Structures are given as C-alpha cells and as structure tokens.
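Please read the following report with the sequence and the structure side by side, and look up each residue as it is named.

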Amino acid sequence: MTSKSLVYTSTRGGDVRHSFEKALTTGYAPDGGLYVPEELPKVSNDTLEAWSHLGYRELACEVMGLFLGDEVEKEDLKKVVYNAFKNFPEEAVTLLDTKDGFKIAELWRGPTHCFKDLSMGILMGLLNVFNGKRGKKTTILAATTGDTGPAAVHAVKAVNSPNMKCYVFYPHGQVSETQKLQMTTNRSDHVKVSAFEGGGDDMDIPIKQIQSDKDFVEKHGVMGCNSYNICRPVAQTIHFFWIYFQYFKSIKIEKPWENPDSNTLHLTIPVGAMGNIAGGFIAKIMGLPLGRFTAAVNINDITHRAISKGEYHKSDEMLRTVSEAINIQNPYNFERLMYYSFGCDTGKVREIMTEMDQKGKVTLSESCIKSLQNSFSSNSVTDAETLEAIRTFKNRNNSLICPHTAVAYHTALTHQAPGPHLCVVSTASPCKFSEAVTSAVGSEVWGEYEGSGEFPVSARYTVEEKKDEKMEFTRLADGGLPASQAKWEAMLREKIENW
C-alpha cells in the first residue's frame, strides 16, 4: 500500500482539500459538489499483471489502498474488506456466457442480492474504523429506490457498532415486496426505516439540505451513504477491474492490457443514480482498458436525454415502471461524469450544476455533448421492451434476469457494440422482483424458479416474513412537492435530534 494519501476536492472547484475520511463522513462537498480525488491514482501494465492473479478480496484491498493511502492501516483495511465480503461466495462477481454473443457479469451474489452490497459493506466498515479512532458517532441517511436501502440496512447491522445509526427512506408502493421486507424486517437497534409519499428521489432534497447545515452535521455526525458519497463509486471500481480480468481469462487472451486497441472491453450498464457507471469510468481513467459505456435507462430517461441530446432536464414527474430501482429524476453521479469528461473543468461543472439546482434544467452545449459521447452512449427502454427482454433471455439462455438487467440486455441486443468484446452488467437477482418477472414469463415459470436451487435461501426467508409499512412522510395537500420536502426536512431534523 502506498504511504501517500490522496487529497479530495470538489467537482465544483470550491476551496476544498480534504482527506478520504472527511470526504466519506460528510458525503457532499461544502460547495454542494461531489468529492473527487484531486488526482486519480494510475495503474501501470505491471500493476494490472499483478492484480490479474489476485482473488476478489485481495484485489479489493489493493484498489482501496490506492484511494486510502496511509489513512487506514493495511491490516485494518484487510479486516474491513474480508468482513464486508464474508457473506459472499469466493468469487464475489461471476461472468456468464450467453447465446447472444456477449457475456453477463452478475454483481448480485451478496447478502441483499444486488450490486450495492459490493460497496456498502466497505463504506460502513471504513466508517467504523474512522469512528473508532476518533471516538465519534455517526448518523447515516439513505434514500432508496429499492436496492440502496437493503444494502445499507444489512451493512450497518453487520458492523453492529454503537457509534452508528442509520435512517433509510423509500418511496411508498414503489419498491418490490422483497426489497421492502429486506428493510423493514432488519431487527437492528441501529436502523430505522420509513416510507415517504412521492417519487424515487423526492427525499434527496431534504437530505441534502440537512447535510448543508454545517453546525447540525457536526453536532450529529450526519452523512449520507448514497452514491454521491465518494466511497461508493471508488469501491465500485473494484468489480470493473475484476470483470476485465475474468472476461479475457475466459476467452484465453493473456495480458490483454498489452494490446488495448484489440482488447478493449465495452460495457452496457443499467443506470439510475450513475454510481456504478461512474466507478467503471474512474477505473478506465486510472488505466484499465475499458471502451464505451452504454447507459441503459427506463422511461425516466434524463440520463439518455442528457447524453444523446444535451437535454439535462428534470421531468415534471417520476413515472412508474417495472424497473423501479433505476427510476431517477436527477442522477447524482452525472456530475462526476461531466467533471471527468470535461477534463476536470470545475468552472464548467459549477456553472451547469448551479443552473440545474436553480431551474431543474440545463441544455448542454455541443462541445459538452461531444465530450460526453466520447465515452458514453445511452438508450431508453419501455416496460413492454423490458418484459420482452426477460422472456427473450429465458428462451435463449434458460435463465431469468431482473427487470433492471433486462433494460441493459435489451439495449445490448438492439445497439451494436463498437467492438467484439462486450459485457452486460447484471445489477440484481430476479428473486427480488416476483411481480415483474411473473408478468414477463408467467406464474408457472416463476414458481419453478422460486422452488429451485437457484432461488437464494435468504430471499425465500425474507418473503415469508411480514411487516407493516410505516409511512410518516406524507405529502401536503397544498404547496406542491417543495412544501412537502420542507416539511420532511423539519421532521427528519427532529427525529435526528431525538434519537
């Protein structure tokens, strides 16, 4: 591990030079931007060669070590990583062959059956280390569209620290039954879960407003664990290194990084808040030979409109879909993608994000669109196409995929990759989405799956539990969403004060 620690600054260029610990434990930068390393660590071909022989946990230690420097002792980091992955199989990420001419990377072999387990355990483990050193207590806030919440609940419960408490909020009626039960049956004194009446990211504004109150944050140790927190995309670089190594091993190409023009790996990824695709992009900038990233979204398509046409415009409302976990109105990590795509031009990012914060819409210039399209393309997928993709995958590959993976799968089938090497990222297990999958393939096929060895035992146990939904954060009859969000902020402040 390097002895040098990185400096973390803001995408918006404020007077910020913080440690990883400070960036982790605050979430947003003081100027409202997102934390990024002032200079990304670079990996050489020799490093790629060495890393290609490591197991997933060893690789995680090496990658995280670059971002932590001497802030965490090597043995402490090893404990954090191995504890984070103790409920994963030996290969935390697996690659599957398909009959479609590309591979699928399954990122959901963790305890809550979604890719967010891969980074959340590391985040909470590191937080516990820092809290222990400083004797600090932390209040963690998480808003979820379905998968962040369960991952946060499990990770906090697993750490089981008296110095950590976590509030999780999810949109009433807009997560699957399994996702809801994964949160509401947590049995942890360190976690509280509530539903709110609104769209998937309507709770983000109250949380960000609280985090901008410096005195309140310092008094209660408030931080967020959604993917605006730098630890999430950084920890998610790990699985992109792993996917690259395993992909080329599976087709028996040795040392592919020595011939990157022929051995570039392209990725199609289901996208919500863009933390996962940001992790892949960061890995590419570090030196991993990744090619084009295709962002696959549902009909809540701000990401697609921004990349394809420069229309970074929030929609008037969140639309219901069968792929609820990627419903989004304003993806946090688009800011990080712009920052790196624009050559780390903080002035340009600040100008765009200030207008976005004030007006809810920005039309990007042609030069900005071109810069984004150098690395990214995008596609929007309807519910009908999503369900058809689940059926197609079942018919061709005799297996099921979740609706979010289906969004990416449909995109891969209909949008030709710019090269021969393509991997579709599968972000969640189909076990969490009985209603959507049953709509696609019928109750008989779902029943066969649920009764098979492919259906995770822990998911079956969760489905059998019952828990009443607790919805305290209701909408006001008058004043629209902003008035409701102001009310929710006041309620949340009171709850933090009284817990």
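Which residues in H12 meet which residues in H14? In this predicted model, Ile 277, Ala 278, Phe 281, Ile 282 and Ile 285 are the residues of H12 that meet Leu 337, Tyr 340 and Ser 341 of H14. The two helices, H12 with residues 275-286 and H14 with residues 334-341, pack at an angle of about 20°, and their axes are 9 Å apart. Because of that angle, H12 is roughly parallel to H14. The crossing in which H12 passes H14 is left-handed.

Helix H13 spans residues 302-309, and because six of its eight residues are buried, H13 is largely enclosed by the rest of the structure. The buried residues in H13 are Ile 302, Thr 303, His 304, Arg 305, Ala 306 and Ile 307. After H13 comes Gly 310, which has a positive phi, near 80°.

Positive phi values also occur in residues other than glycine. Met 274, which is not a glycine, has a positive phi of about 75°, and its place is the loop between E9 and H12. Asn 398 is another residue other than glycine with a positive phi, in this case near 55°, and Asn 398 lies in the loop between helix H17 (383-397) and H18.

Thr 264 is found in the loop between helix H11 (237-250) and strand E9 (265-270). Its relative accessibility is 19%, so Thr 264 counts as buried, given that the cut-off for a buried residue is under 20%. The side chain of Thr 264 reaches the backbone oxygen of Pro 260 at 2.5 Å, and, not counting residues up to four places away in sequence, Thr 264 touches Phe 248, Pro 289, Leu 290, Gly 291 and His 421. His 404 is placed in helix H18, which holds residues 403-414, and at 1% relative accessibility His 404 counts as buried. When neighbours within four places in sequence are left aside, the contacts of His 404 include Pro 270, Ser 323, Glu 324 and Phe 433.

How many disulfides does a search of the whole structure find? The search finds zero.

| Cysteine | Closest cysteine sulfur | Distance | Relative accessibility |
|---|---|---|---|
| Cys 423 | Cys 402 | 14 Å | 0% |
| Cys 431 | Cys 402 | 9.6 Å | 1% |

The sulfur of Cys 423 is too far from that of Cys 402 for a bond, because the distance is 14 Å. The sulfur of Cys 431, at 9.6 Å from that of Cys 402, is also too far for a bond. Cys 423 counts as buried, and Cys 431 counts as buried as well.

Note on methods: Residues numbered from 1 in each chain as written. Predicted model: local features only at pLDDT ≥ 70, side-chain atom pairs only at ≥ 80, totals over all residues. Heavy atoms only, no water. Helix = DSSP H or I, 4+ residues; strand = E, 2+ residues; numbered from the N terminus. Buried < 20%, exposed > 50% of the residue type's maximum accessible area, 1.4 Å probe, protein only. Polar contact = N/O pair within 3.5 Å; in protein donor to acceptor, adjacent residues only side chain to side chain. Contact = heavy atoms within 4.5 Å. Disulfide = S-S within 2.5 Å. Axes fitted to C-alpha atoms, helices over the stretch in contact; angles between N-to-C directions. Parallel < 35°, antiparallel > 145°, perpendicular 65-115°, else oblique. Left-handed = near helix turned anticlockwise from the far one by under 90°.
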